[in-house]
Amino acid sequence: MADRKGKLPSPEEMQRDIQQFLKDKYGVETAQAEVDMLGTRESETAPEHEEPDLHFEMTPRELEAYLRQYVVQQDDAVEVLATKIATHFNRMRWEREDGRSWPVIPGQIKPNVLMIGPTGVGKTYIVKLIADRLGVPFVKGDATKFSETGYVGGDVEDLVRDLVRVAKGNIKHAEYGIIYIDEIDKIAASPSVAGPDVSRTGVQRNLLKLMEETEVELRVPHDLASQMEAVMETQRTGKAPQKKVNTKNILFIVAGAFNGLDDIIRRRLNRQPIGFGGDVDTKVRDRDDLLANVSTQDLIEYGFESEFIGRLPVLARLTDLNVDGLLEVLANPYNAVVQGKIRDFAAYGIDLTFDERALQLLAERAYEEKTGARGLTRVAERALIPFEKQLPSTSVRELMLTEHAVRDPGAVCERLVFDATIRSAVLQFKEETGVILSLSKAAKNWLAEHADGHKTPGELLLSRFAGLHYAFNLLERESVNVTRSMLAQPRDTLEGMIRKNYRPRE
Ligand SMILES: Nc1ncnc2c1ncn2[C@@H]1O[C@H](COP(=O)(O)OP(=O)(O)OP(=O)(O)O)[C@@H](O)[C@H]1O
Ligand SMILES: [Mg+2]
């Protein structure tokens with residue numbers, strides 16, 4: 001191999017290298033078909049390029065009703081997204097069926113969406129739900145991963161290629177997909193940078209092309225996986241696969257928290273005199289209130305190119321979830337936190353339930369974390385981890401998570417495990433001797449103090465009385481109260497009791 005360090009190979013070089021690699025490593029001779037990896041040759045109609053079977057007939061209200069089953073609050077965003085996305089897909093359906101004879105409208109813009117809202121309040125969740133419901137491929141990317149040239153980080157076009165992968169190679173299906181890009185606020189040109197912030201503006205421009213309409217090459221030199229696929233496929237079929245994806249119908253949804261945007265809006269509102277010559281009472285306005293007034297101008301000031309904002313005609317705003325909202329999220333029958341934990345425990349045969357006050361406390365704690373519904377997972381895990389670790393190796397088969405347990409999971413769990421091991425030990429002892437042991441508080445404390453890593457309190461209890469079963473039988477009692485001294489000196493204490501039992505009455 002020639003030394004081409006520091007330079008990207010041409011597709012041909014890349015192909016030769018890969019073929020050589022396959023030969024050296026696996027002894028595979030690749031077919032010598034011409035692989036025009038970056039070419040534009042139209043492919044023959046392979047099955048994977050067939051028109052997908054689309055069901056885009058949902059009305060906005062149907063889609064909204066579907067989302068309402070899952071999503072707590074965020075009424076505005078749910079309404080806007082359900083309506084615009086339902087229309088987008090119905091329009092595509094209609095265009096395929098009836099719209100062909102209508103004149104083409106030049107320069108029309110599809111309803112790409114800009115979502116503004118803090119972390120963990122349902123941005124990704126809502127879009128994912130919609131994509132699942134409509135059965136369209138969905139990919140999620142992170143704007144911070146892209147660089148202008150694409151080769152350093154990722155290339156925005158990778159998202160389109162990912163869509164094809166999600167659509168299992170069906171390009172036509174991918175062309176109806178949804179691309180979701182998080183942290184879009186991070187590619188706003190930073191005002192602190194002197195002159196234009198070239199790289200971020202560059203990423204915006206690259207995205208702009210995709211959001212409008214462009215053809216994306218399926219195979220690129222820097223994506224080794226796709227190159228390998230191409231070579232393998234060519235080797236198999238002797239034909240080069242189809243390589244272009246059109247983005248005309250792909251819906252783009254970009255989202256971010258947009259910290260600081262509220263200040264820009266406040267400043268603008270302050271400059272505008274309103275009615276009666278008075279100032280806007282901006283001090284009392286909170287962030288949500290300000291964001292309700294966001295304008296294109298504010299977003300440009302934030303650091304976006306006006307053309308970029310122009311390709312995002314739909315705005316969806318999401319607001320913080322308060323404690324009640326978080327509680328509602330927890331109570332939702334589809335919620336992954338509660339339902340997920342119930343299943344985690346069910347895997348061990350343990351029936352987990354949540355007390356109402358425990359849920360309330362979890363919601364309050366999650367609210368303090370300021371990470372929206374994401375905080376719920378963290379606080380629930382924190383409360384449940386000791387139980388999840390300990391209970392599977394005990395006889396406990398039911399757990400009701402109480403408020404007390406959320407406050408002090410370690411202690412509550414220890415108590416539960418303790419009681420469970422004692423219960424099993426008492427049961428075993430009864431089976432072996434017919435005697436029911438009943439432990440005083442002091443006796444339990446003694447076991448707690450003396451049980452160590454090697455023996456559970458129950459095992460310790462049994463070991464203290466091992467070899468003394470005859471003594472219990474001599475007591476001729478159905479049940480025996482176990483005292484602290486009986487555990488400390490079992491033989492002496494029991495013998496003393498027996499002696500007392502048999503002492504002739506005077
Ligand atoms: N409004 C909501 N209703 C019901 N569940 C929600 C809601 N918001 C968030 N969740 C739950 O929290 C999880 C995380 O939310 P999501 O991924 O939508 O956050 P996000 O808004 O995209 O935040 P980020 O900006 O951090 O990506 C979801 O998978 C969902 O289970
Ligand atoms: Mg998200």
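How do the residues of the shell around ligand 1 divide into nonpolar, polar and charged? I began my notes with this, keeping in mind that the model is predicted. I found that the shell holds 7 nonpolar, 8 polar and 3 charged residues.

**Entry on ligand 1.** I then looked up which of the 18 residues around ligand 1 come nearest, and they are Gly122, Lys123, Thr124, Tyr125 and Ala373. Helix H4, which spans residues 123-134, gives the most to this shell, with 3 residues. I also noted that domain 2 (49-99 + 107-212 + 247-317) and domain 3 (323-407) both give residues to the shell, so ligand 1 lies between them.

**Entry on H13 and H15.** Next I turned to helix H13 (residues 323-331) and helix H15 (residues 356-369), whose axes come within 8 Å and cross at roughly 125°. The two helices are therefore oblique to each other, and H13 passes H15 in a right-handed crossing. I listed the residues that make the contact, among them Val323, Leu326 and Leu327 of H13 and Leu359, Gln360 and Glu364 of H15. By class, this contact has 10 nonpolar, 1 polar and 1 charged residues.

**Entry on H14 and H16.** Last, I looked up helix H14 (residues 336-346) and helix H16 (residues 374-390), whose axes come within 11 Å and cross at roughly 15°. I therefore wrote down H14 as roughly parallel to H16, and their crossing as right-handed. Here Val337, Lys341 and Asp344 in H14 meet Leu376, Thr377, Ala380, Leu384 and Glu388 in H16, and I counted this contact by class as 4 nonpolar, 1 polar and 3 charged residues.

Definitions and conventions: Residues are numbered from 1 along each chain as its sequence is written. Chains are lettered from A and ligands numbered from 1 in the order in which they are written. This is a predicted model: local features need pLDDT of at least 70, side-chain atom pairs count only at pLDDT 80 or more; totals for chains, interfaces and linings use all residues. A residue is near a molecule or strand if its C-beta atom, placed from the backbone, lies within 6 Å of it. Helices (H or I, at least four residues) and strands (E, at least two) are DSSP runs, numbered from the N terminus. Ala, Val, Leu, Ile, Met, Phe, Trp, Tyr, Cys and Pro count as nonpolar, Asp, Glu, Lys and Arg as charged, and the others, Gly among them, as polar. Domain bounds come from an automatic or database domain assignment. Axes are lines fitted to C-alpha atoms, for helices over the stretch in contact, and angles run from 0 to 180 degrees between N-to-C directions. Angles under 35 degrees count as roughly parallel, over 145 as roughly antiparallel, 65 to 115 as roughly perpendicular and the rest as oblique. A crossing is left-handed if the near helix is turned anticlockwise from the far one by less than a right angle, and right-handed if clockwise. Two residues are in contact if their C-beta atoms, placed from the backbone, lie within 7 Å.
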